[in-house]
Protein chains: 4
Amino acid sequence: MVKVAIIGASGYTGLELLRLLAAHPEVEVTAVTSRKLDGQKVTDVFPALAGRLGGLDDQIFESPEAKNLTGRADFFFTAVPHRTAMEIVPSLLEGGGKVVDLSADFRFNEAAVYEEWYERHQVPELLSESVYGLPELYRDQIKTARLVGNPGCYPTSVILAMAPLLKKGLIEPDGIIADSKSGVSGAGRGLNMTTQFCEIDDGLMAYKVIGHRHTPEIEQELGLAFGRPLFISFTPHLVPLSRGILSTVYAALTQDSSDEELLAVLNEFYKDDVFVRVRKKGELPHTLDVRGTNFCDLSVFVDRRTGRVKMISAIDNLTRGASGQAICNMNLMLGLAEETGLIELGLRP
Amino acid sequence: MVKVAIIGASGYTGLELLRLLAAHPEVEVTAVTSRKLDGQKVTDVFPALAGRLGGLDDQIFESPEAKNLTGRADFFFTAVPHRTAMEIVPSLLEGGGKVVDLSADFRFNEAAVYEEWYERHQVPELLSESVYGLPELYRDQIKTARLVGNPGCYPTSVILAMAPLLKKGLIEPDGIIADSKSGVSGAGRGLNMTTQFCEIDDGLMAYKVIGHRHTPEIEQELGLAFGRPLFISFTPHLVPLSRGILSTVYAALTQDSSDEELLAVLNEFYKDDVFVRVRKKGELPHTLDVRGTNFCDLSVFVDRRTGRVKMISAIDNLTRGASGQAICNMNLMLGLAEETGLIELGLRP
Amino acid sequence: MVKVAIIGASGYTGLELLRLLAAHPEVEVTAVTSRKLDGQKVTDVFPALAGRLGGLDDQIFESPEAKNLTGRADFFFTAVPHRTAMEIVPSLLEGGGKVVDLSADFRFNEAAVYEEWYERHQVPELLSESVYGLPELYRDQIKTARLVGNPGCYPTSVILAMAPLLKKGLIEPDGIIADSKSGVSGAGRGLNMTTQFCEIDDGLMAYKVIGHRHTPEIEQELGLAFGRPLFISFTPHLVPLSRGILSTVYAALTQDSSDEELLAVLNEFYKDDVFVRVRKKGELPHTLDVRGTNFCDLSVFVDRRTGRVKMISAIDNLTRGASGQAICNMNLMLGLAEETGLIELGLRP
Amino acid sequence: MVKVAIIGASGYTGLELLRLLAAHPEVEVTAVTSRKLDGQKVTDVFPALAGRLGGLDDQIFESPEAKNLTGRADFFFTAVPHRTAMEIVPSLLEGGGKVVDLSADFRFNEAAVYEEWYERHQVPELLSESVYGLPELYRDQIKTARLVGNPGCYPTSVILAMAPLLKKGLIEPDGIIADSKSGVSGAGRGLNMTTQFCEIDDGLMAYKVIGHRHTPEIEQELGLAFGRPLFISFTPHLVPLSRGILSTVYAALTQDSSDEELLAVLNEFYKDDVFVRVRKKGELPHTLDVRGTNFCDLSVFVDRRTGRVKMISAIDNLTRGASGQAICNMNLMLGLAEETGLIELGLRP
């Protein structure tokens with residue numbers, strides 16, 4: 001059993017890591033940290049994880065002092081805010097650990113991009129080593145990585161939809177519009193007026209209409225897929241559900257294409273990827289079909305009247321969009337089958 | 001008191017008409033029809049409408065035989081499916097009544113467009129007489145009309161967002177993308193597996209991704225606003241809430257513009273329109289702010305990186321998107337102040 | 001127009017007071033206070049209230065210094081926490097104002113009861129003057145009162161269900177069980193982990209299972225209805241909806257009774273009360289039927305197998321359970337018809 | 001691998017059986033029937049079950065002709081309506097199969113009770129053989145049974161809460177009140193106006209207030225626990241969530257007891273039961289903590305003012321209340337550890 005630690009486990013991504021790792025057959029959780037929950041039992045904070053049956057009754061939140069953790073685990077998930085991650089990760093690596101970081105700190109290839117959208121990068125030299133943790137695009141690099149930057153939830157949903165068509169030159173790289181709708185857990189577990197029940201129940205809004213920080217991450221990967229930098233228009237929305245992202249992505253076709261042709265491209269591209277389910281012509285992804293799973297469901301619709309394609313992708317933002325994908329990356333980094341501990345079908349209804 | 005009849009009142013738009021008309025100070029409901037509910041008390045079907053206090057305890061659903069209704073009312077709302085509307089409306093007009101039709105049958109200027117998206121039109125000669133019932137665009141024509149085609153819910157939300165900018169030539173007419181998210185009441189009150197609670201609660205999907213019938217309606221009005229025909233990409237989504245549409249509409253700017261400049265255009269355009277609330281720079285429309293009301297809340301966001309504008313509009317699909325707008329049209333056709341009976345603020349939370 | 005001030009308008013009951021008063025034909029809001037929102041525009045905090053059409057665009061939150069408010073208004077709603085209310089109310093009365101207090105401070109007849117469940121009462125002499133603001137039970141006293149203690153949401157729903165049967169001696173006073181389910185707005189507008197969307201969406205829990213402070217309020221009024229003190233078992237639950245309380249109340253019958261007999265008692269008891277709708281035999285109250293209104297819908301079900309009756313009541317906790325009832329009380333205190341400004345039917349769906 | 005067939009898999013309990021069995025390590029699904037879906041691919045109806053990764057892509061719904069199924073499987077789940085079950089089960093048993101029936105047909109010990117609440121029983125002789133499938137009460141009998149009547153969802157939640165206290169004589173057997181709140185999936189997957197999204201979203205109602213058919217089932221088991229027949233008052237409610245039942249059960253204490261004493265009784269009673277989690281003093285069960293799992297979370301609250309106890313239980317109605325419990329029973333009948341294939345923690349949020 002590989003020893004695994006979670007640094008910063010008080011949020012929803014931490015909770016989701018714990019839920020999934022509790023049932024993982026090849027690892028054991030040996031440390032769970034949270035500065036604000038220091039000393040509390042994990043199952044007092046998260047009763048869903050309790051019980052003799054696969055539960056985590058013995059886990060106690062600890063203060064996250066990285067030095068103490070070295071030696072306590074061989075593998076680390078850092079589920080802390082950006083900046084905090086880059087302060088912690090180097091010492092974990094120096095201690096011989098492998099790391100999947102769920103913040104934005106190690107997702108970018110170039111420090112300049114990170115610094116434009118976030119702040120000064122403290123360990124830019126690690127950016128060339130870290131691998132962007134989207135297994136369908138970087139599986140081989142992930143397998144040998146010490147450090148993986150786990151993708152953002154929105155980027156996961158948009159990149160999986162568009163990268164294959166861009167690589168094939170089937171869509172125009174300019175003018176791509178990604179309209180994404182997210183469940184509320186994407187806003188995290190902190191207190192927040194916008195995400196109080198009565199402020200969003202039975203209602204709907206866009207937010208961060210200009211300048212959401214997932215924009216450059218999508219642009220980096222779609223630019224690499226196409227072969228040159230590009231800009232996208234990205235708009236996130238908050239919808240009254242807990243888990244799930246549906247992204248509707250619009251692009252102009254470079255040539256006349258049919259649904260069948262584009263589906264063939266997608267099916268070929270993802271032929272070895274068990275976590276991508278390309279739906280049949282005319283079928284509609286539904287976030288409930290992927291709830292609690294690492295799946296990404298994809299559909300394609302050609303609109304002949306406008307010469308555009310509409311790609312639709314559905315993921316669970318906490319599983320595929322964060323913790324499930326992080327575990328998939330861990331599996332690859334540990335030499336395990338990537339689906340280990342992730343074989344679960346969507347909880348529907 | 002003007003006598004008003006509702007033809008086809010068994011659905012959610014019928015229910016919303018009844019709710020609003022019960023409190024309207026200048027009209028009385030004298031007939032309510034539904035073939036399938038014939039003989040039932042309105043308040044047995046809709047207990048929300050019961051009570052001595054403004055309730056409709058005396059109303060009984062009748063079979064909708066138009067001849068019998070002539071003379072029973074001076075004003076008619078037809079809230080029946082398309083095709084049924086064009087079978088009924090001519091005799092209502094002949095009987096001397098005025099009509100607001102909530103179906104698609106009288107929304108189009110050209111029979112050819114209707115026939116491409118729906119079916120053969122039975123009374124194409126009425127299309128030149130009927131007025132598209134968007135008061136902000138056609139107030140004067142509505143005032144003198146005998147017949148108004150009440151706009152669809154999605155078109156209302158998209159047209160109000162884009163028409164001012166198109167009229168001013170500030171955005172490109174080609175490549176407009178309207179991504180709309182609707183509450184479930186938009187699907188009507190019929191039995192439907194897709195709208196069973198467990199099939200959409202806590203989930204999210206797109207539907208009719210290609211070819212939704214509100215597309216040509218939006219294109220007609222935006223084309224008229226710009227001055228020549230145009231095509232749009234329109235995608236509707238089903239979100240787990242009862243009332244509300246949020247439309248996010250993307251267009252390329254024809255020239256460099258700021259939020260302030262575009263807001264000034266909107267404020268000028270809607271300066272006499274009490275039911276449009278142009279939000280201040282940076283503010284975000286929320287469907288809860290318009291719930292149960294005839295308001296349309298609008299925001300504008302310029303994305304300088306991509307040279308595009310994102311317009312966001314929020315309406316209540318049953319009120320502004322159907323029955324509230326229908327009553328507003330009735331008010332204009334009867335010479336009343338357009339806000340009569342519609343002065344209500346959003347039910348939030 | 002009567003001048004009205006709202007002291008403490010930053011919460012959901014304040015928002016609901018503002019929504020309803022904006023449309024009230026006989027009053028105008030002249031002052032709105034909130035210590036934490038001091039200086040902010042009301043419509044910046046609550047955009048639902050904006051607009052030239054009945055909106056409150058000119059209102060600014062002020063600091064709540066009671067002395068300054070004297071003279072600014074003739075009528076006051078105090079929507080502040082308990083204790084704060086009893087600090088403010090005396091000076092408002094001394095200034096010649098009439099007051100409806102929405103806290104618990106003036107609901108109890110005996111200071112000892114208040115002090116057992118809350119804290120020391122600072123102005124116990126006002127308790128004999130203040131009237132419990134349930135119009136169906138105390139209409140005449142309310143009409144002449146200077147000070148009304150507006151009932152709690154749960155007590156309103158339980159007392160209206162049980163008082164008539166207790167007064168008639170039809171049910172046993174001991175062993176009454178009130179199982180109440182409330183929408184989340186009952187928890188107020190503050191930041192709270194329990195009421196974050198993801199903590200209650202698609203889930204359900206009981207809370208304050210023992211010792212909820214609405215218990216003595218229910219016991220006071222049901223004891224008065226029966227003629228001697230009694231105890232009840234009361235359990236509140238949090239359900240994933242914004243507005244609405246459904247109370248299911250169980251009591252043993254003192255004699256064999258039928259649904260018809262008990263319905264006759266209720267109909268007789270409430271024959272002059274436009275805001276109580278006694279449903280017909282077998283019909284089921286639904287919180288959606290009363291949403292946004294001052295109605296209380298009641299049903300009765302005799303269970304012959306167990307010799308018990310089950311009473312079911314539905315209210316909107318923010319309207320009938322707080323602000324609508326407060327306005328109803330104001331209407332009575334001002335000599336207006338009690339339904340003034342409250343003629344609205346349930347927003348369904 | 002044991003061959004397992006599901007008779008009647010078109011509903012939510014069928015879907016939940018499929019979801020869980022797909023991941024079960026000791027069985028394979030060899031037949032799935034549905035008369036109305038005959039010939040359709042399972043994953044076309046339920047896309048959540050699709051994929052190469054543990055999915056059911058090869059399954060086709062068949063017509064449920066029991067004779068053909070004999071030999072196709074060694075174990076059968078009958079997830080059909082009552083009456084249909086008793087028509088099918090005898091031939092399955094004759095063919096040598098073991099059966100867990102999810103209908104009400106084999107839950108009762110006495111045909112007379114079944115016939116009072118349902119209809120004439122066609123194979124009353126099987127009632128003495130069939131075992132009531134609540135493992136905590138009947139584990140040993142289940143292990144050797146050919147036929148298990150799987151408990152109803154509400155009875156599971158109420159019986160687990162009350163049986164220990166009744167067995168110990170700590171509560172009065174008369175006057176027990178069970179107030180249960182269920183998610184909408186309990187109403188099944190059929191088309192139904194009451195469970196259309198807009199009819200229950202953001203609302204709440206009681207239903208079948210008198211005479212719900214789960215009443216005699218609860219009475220049978222609680223009567224057996226106490227030692228003589230008893231009556232209960234049971235009221236089900238529909239709340240706007242998909243999965244989950246919270247039951248609040250009230251009973252008079254026979255003697256003064258503390259929370260600690262009653263918790264000790266529960267902990268002793270369930271000391272070998274991994275699927276019951278007795279919460280610590282003061283903790284509150286939440287349906288989200290058991291979502292998607294076979295757990296039942298229990299809490300106890302003594303109300304000294306009234307001499308009553310309030311027991312609160314939370315289950316997932318589709319898992320513990322139906323399909324998860326059915327699989328637990330199958331495990332026992334097959335000699336497997338009862339938790340096989342059921343080790344999953346609650347999906348929260």
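Colleague: Why are helix α7 (residues 153-167) of chain D and helix α10 (residues 259-269) of chain D called roughly perpendicular?

Modeller: In this predicted model their axes come within 10 Å and cross at roughly 105 degrees, where axes are lines fitted to C-alpha atoms, for helices over the stretch in contact, and angles run from 0 to 180 degrees between N-to-C directions. Angles under 35 degrees count as roughly parallel, over 145 as roughly antiparallel, 65 to 115 as roughly perpendicular and the rest as oblique, so α7(D) is roughly perpendicular to α10(D). Helices (H or I, at least four residues) and strands (E, at least two) are DSSP runs, numbered from the N terminus.

Colleague: Which residues make the contact between α7(D) and α10(D)?

Modeller: With contact meaning heavy atoms within 4.5 Å, A161(D), P164(D), L165(D) and K167(D) of α7(D) meet L262(D), V265(D), L266(D) and F269(D) of α10(D). These divide into 7 nonpolar, no polar and 1 charged, given that Ala, Val, Leu, Ile, Met, Phe, Trp, Tyr, Cys and Pro count as nonpolar, Asp, Glu, Lys and Arg as charged, and the others, Gly among them, as polar.

Colleague: Before we turn to the chains, what conventions apply?

Modeller: Residues are numbered from 1 along each chain as its sequence is written, while chains are lettered from A and ligands numbered from 1 in the order in which they are written. Local features need pLDDT of at least 70 and side-chain atom pairs count only at pLDDT 80 or more, whereas totals for chains, interfaces and linings use all residues, and side-chain values use heavy atoms, with hydrogens and water left out.

Colleague: What makes R305(B) and E219(A) a salt bridge?

Modeller: A salt bridge is a side-chain nitrogen of Lys or Arg within 4 Å of a carboxyl oxygen of Asp or Glu, and the closest N and O atoms of R305(B) and E219(A) are 2.5 Å apart, so the pair qualifies. Between chain B and chain A the count is 8 salt bridges.

Colleague: How many salt bridges link chain A and chain D?

Modeller: The rule finds 2 across that interface, including D44(A) with K280(D), whose closest N and O atoms are 3.0 Å apart.

Colleague: How much area do chain B and chain A bury between them?

Modeller: Buried area is the accessible area (1.4 Å probe) that two parts lose on being put together, summed over both, and for chain B and chain A this is about 4,200 Å², 59% of it on carbon and sulfur atoms. In chain B, D202(B), L204(B) and R305(B) lose the most area to chain A, together 17% of what that side buries.
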